[in-house]
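Open the model in your viewer and keep the selection tool at hand. The stops below are given in the order in which to select them.

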Amino acid sequence: MRTVEEITAQASVIPVLVLDDVSHAAPLAAALQAGGLRVVELTLRTPAALASLVAMKEAAPDLIVGMGTVLDGAQAQAAVAAGADFLVSPGATPDLLAQFRALNVAALPGVATVSEAMSARAAGFRMLKFFPAEAAGGPAYVSAIAGPLPDLSFCPTGGIGRERAVDYLQLPNVVCVGGSWIAPAGLLAAGDFTAIAENARYAQSLKRPT
């Protein structure tokens with residue numbers, strides 16, 4: 001089983017996906033993979049999410065597909081049963097952190113404050129989602145917490161467009177960023193998987209400084 005650190009190290013930008021139609025799952029997976037992406041997050045926000053997860057993994061077996069917007073233990077268990085390679089949550093309650101540990105699954109719990117980051121750290125997590133990134137302080141905030149929390153790394157997500165992603169990737173405590181701009185609702189509704197593949201290709205071109 002891959003650790004969350006191993007998974008996030010393979011991505012500069014992780015597309016955050018919302019699927020209402022299961023029929024979009026296979027061509028979307030193929031488009032993202034064609035664009036060079038290896039890691040994606042499918043959100044558990046629609047009734048089609050779990051079936052879409054299965055379809056994406058069948059269409060692109062090498063794609064690492066995580067399930068996001070996991071809010072409680074039951075959702076975490078359902079996502080793992082459907083084949084999720086990792087789990088992502090918008091926040092981090094003590095019960096949810098305990099469930100992540102009990103499931104022995106790669107997990108990216110969400111935090112928005114220093115206290116929340118410290119609580120997740122105390123529970124054994126060192127790689128965290130910073131959400132909602134832009135509303136919660138942006139790159140300046142993430143940079144500021146590197147000093148007191150030097151052993152934590154982050155995947156900022158929330159309101160980060162393609163131009164803004166570069167600002168986060170310059171930070172030493174940012175491993176990757178999440179973005180919904182790669183496969184937005186409009187392109188999915190239009191079935192424009194060529195444009196999605198182009199967005200994926202651009203996302204793949206963004207790298208952290210070496």
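Start with phenylalanine 130, which is buried, at a relative accessible area of 1%; buried means under 20% relative accessible area, exposed over 50%, and partly exposed in between, with a 1.4 Å probe and protein chains only. Residues are numbered from 1 along each chain as its sequence is written, and side-chain values use heavy atoms, with hydrogens and water left out. The model is predicted: local features need pLDDT of at least 70 and side-chain atom pairs count only at pLDDT 80 or more, while totals for chains, interfaces and linings use all residues.

**Aromatic pairs**

How many aromatic pairs does a search of the whole structure find? The search finds two. Rings of Phe, Tyr and Trp (its six-membered ring) pair if their centres lie within 6.5 Å; planes under 30 degrees apart count as stacked, over 60 as edge-to-face and the rest as tilted.

Helices (H or I, at least four residues) and strands (E, at least two) are DSSP runs, numbered from the N terminus. Tyrosine 141 counts as partly exposed, at 24% relative accessibility.

Next, select tryptophan 181 and tyrosine 202, an edge-to-face pair at 6.0 Å centre to centre and 65° between the planes. Tryptophan 181 sits in the loop between strand 9 (177-179) and helix 9 (185-190), and tyrosine 202 in helix 10 (residues 193-205), 21 residues apart. Tryptophan 181 counts as buried at 13% relative accessibility, and tyrosine 202 as partly exposed at 29%.

**Helix 3 and its surroundings**

Select helix 3 (residues 49-59) and helix 4 (residues 73-82), which pack at an angle of about 25° with their axes 9 Å apart. That makes helix 3 roughly parallel to helix 4. Axes are lines fitted to C-alpha atoms, for helices over the stretch in contact, and angles run from 0 to 180 degrees between N-to-C directions; those under 35 degrees count as roughly parallel, over 145 as roughly antiparallel, 65 to 115 as roughly perpendicular and the rest as oblique.

Show the side chains: Leu50, Leu53 and Val54 in helix 3 meet Ala78, Ala79 and Ala82 in helix 4, where contact means heavy atoms within 4.5 Å.

Within helix 3, Ala49, Ser52, Leu53, Ala55 and Met56 are buried. Their cover includes strand 1 (13-17), helix 2 (25-34), strand 2 (39-43), strand 3 (64-68) and helix 4. Centre on serine 52, at a relative accessible area of 0%. Not counting residues up to four places away in sequence, serine 52 touches Leu19, Asp21, Val22, Ala25 and Leu42.

**Backbone stops**

Move to phenylalanine 131 and proline 132, joined by a cis peptide bond with omega about -10°. Proline 132 lies in the loop between strand 7 and helix 7.

Then select threonine 69, in the loop between strand 3 and helix 4. Phi of threonine 69 is near 55°, a positive value in a residue other than glycine. Is threonine 69 buried or exposed? Threonine 69 is buried, with a relative accessible area of 16%.

End at asparagine 104, in the loop between helix 5 (94-103) and strand 5 (107-108). Phi of asparagine 104 is near 55°, and asparagine 104 is exposed, with a relative accessible area of 55%.
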